[in-house]
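Here is a guided walk through one protein model, taken step by step. Keep the picture open beside the text and look for each part as it comes up.

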Amino acid sequence: MATYGVLGVGAIARAIVTGLCHGVADPPSIVLSPRGAATAAELAERFPTVQVATENQAVVDSSDVVVICLRTADAPLLAELEWRPDHVVVSATAALGMSRLLELVAPAAKACRSVPMPPVADRAGLTAVHPPLTEARELFHRLGETLEVEDVAAYEALSATSATLAGFFEYLSTQADWLEGRGIAPTDARRYVAAIYAGALTSLRGAAAPDFAGLAGEYATPGGVNEQVAGELREAGAFAALERALDGALARLAT
């Protein structure tokens, strides 16, 4: 079984390690970088097969597959490390194209880009990978499913949609704040909004190809309040604004 190294230990790294180890009979060996020390220490305390290296080079030296979860601005530090030709590199760093990635990790030549998201912690992720790579498939199949993408433009479009989560949670926060403004206790407001969406989204888990437009139609009873709210958002340009935001994300991610 491969030993995984993780460079950069933030929220996504935490989700990956949790999915690989929590409740697993035979979890892999994982070596974490000291970047994100508090999270790394917590994971090492929770899982016996996880350890924290003293430096980034020690992560690379002791790993077969290195998962890069660094911020884009920190990617140049990869060039400061000594890589082996047999290393496999799986990058989860946004806006780091293949040519630049391979330049930074040379002489390692087996590499790919990926978009792991928080559901990998529950082994319920669908992780886009470009280009297809056996070791990445094996990794992300442990964490749910893998969507292998040959075309770089398609991969970058998928990456852009993953940038909508912050906006989604702000959408929920706006509703909770609105309820608070009408006298609902903050805890109750957030619990209520969370329950609405958790219930609605449960039906999507495991669906092969959800019909989002059809679901919107089911909730939008003719003449009903759901139809009214959706219509007002559409007329105000909310959905067109989302498309423009996705175009902007894609322009930034395209490399």
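This is a predicted model: local features need pLDDT of at least 70, side-chain atom pairs count only at pLDDT 80 or more; totals for chains, interfaces and linings use all residues.

**A walk through the fold**

Strand β1 (residues 4–7) pairs with strand β4 (residues 65–68) in the parallel sense, over 4 bridges. Within this pairing, glycine 5 has valine 66 of β4 as its bridge partner.

Moving on from β4, we reach β5: the two run parallel and are joined by 4 bridges. Here valine 66 turns up again, standing opposite valine 89 in β5. The next step is the pairing of β5 with β6, also described by 4 bridges in the parallel sense. In that pairing, valine 90 stands opposite cysteine 112 in β6.

Which way do its side chains point? Val88 and Val90 point one way from strand β5, while Val89 and Ser91 point the other way. All of these residues are buried.

Is leucine 126 buried or exposed? Its relative accessible area is 54%, and leucine 126 therefore counts as exposed.

**Charged pairs**

Side chains of opposite charge can pair when their charged atoms come close. How many salt bridges does a search of the whole structure find? The search finds 11, and three of them can be visited here.

In one, the side chains of aspartate 74 and arginine 35 meet, with 3.1 Å from N to O. Aspartate 74 lies in the loop between β4 and β5, and arginine 35 in the loop between β2 and α2 (37–46), so the pair ties together parts that are 39 residues apart in sequence. Aspartate 74 counts as buried because its relative accessibility is 16%, under the 20% limit for that word. Arginine 35, at 32% relative accessibility, counts as partly exposed.

Another salt bridge is formed by lysine 110 and glutamate 135, whose closest N and O atoms are 2.7 Å apart. This pair, too, links distant parts of the chain: lysine 110 is in strand β6 and glutamate 135 in helix α5 (residues 134–141), 25 residues apart. Lysine 110 counts as partly exposed at 38% relative accessibility, whereas glutamate 135 is buried, with a relative accessible area of 18%.

A further salt bridge brings together the side chains of arginine 190 and glutamate 180, at 2.3 Å from N to O. Arginine 190 belongs to helix α8 (residues 186–202) and glutamate 180 to helix α7 (residues 165–180), and the two residues are 10 residues apart. Both count as partly exposed: arginine 190 at 38% relative accessibility and glutamate 180 at 29%. Elsewhere, salt bridges that share partners join Arg35, Arg71 and Asp74 into one network.

**Stepping back**

Finally, take in the protein chain as a whole. Its secondary structure comes to 11 helices and 8 strands. Taken along the principal axes, the C-alpha atoms fill a box of roughly 65 × 40 × 30 Å. The chain has 255 residues, of which 36% count as buried. Among contacts with a separation of 6 or more, 50% come from residues 24 or more positions apart.

Technical notes: Residues are numbered from 1 along each chain as its sequence is written. Side-chain values use heavy atoms; hydrogens and water are left out. Two strands pair if DSSP finds at least two bridges between them. Buried means under 20% relative accessible area, exposed over 50%, partly exposed in between (1.4 Å probe, protein chains only). Contact means heavy atoms within 4.5 Å. A salt bridge is a side-chain nitrogen of Lys or Arg within 4 Å of a carboxyl oxygen of Asp or Glu.
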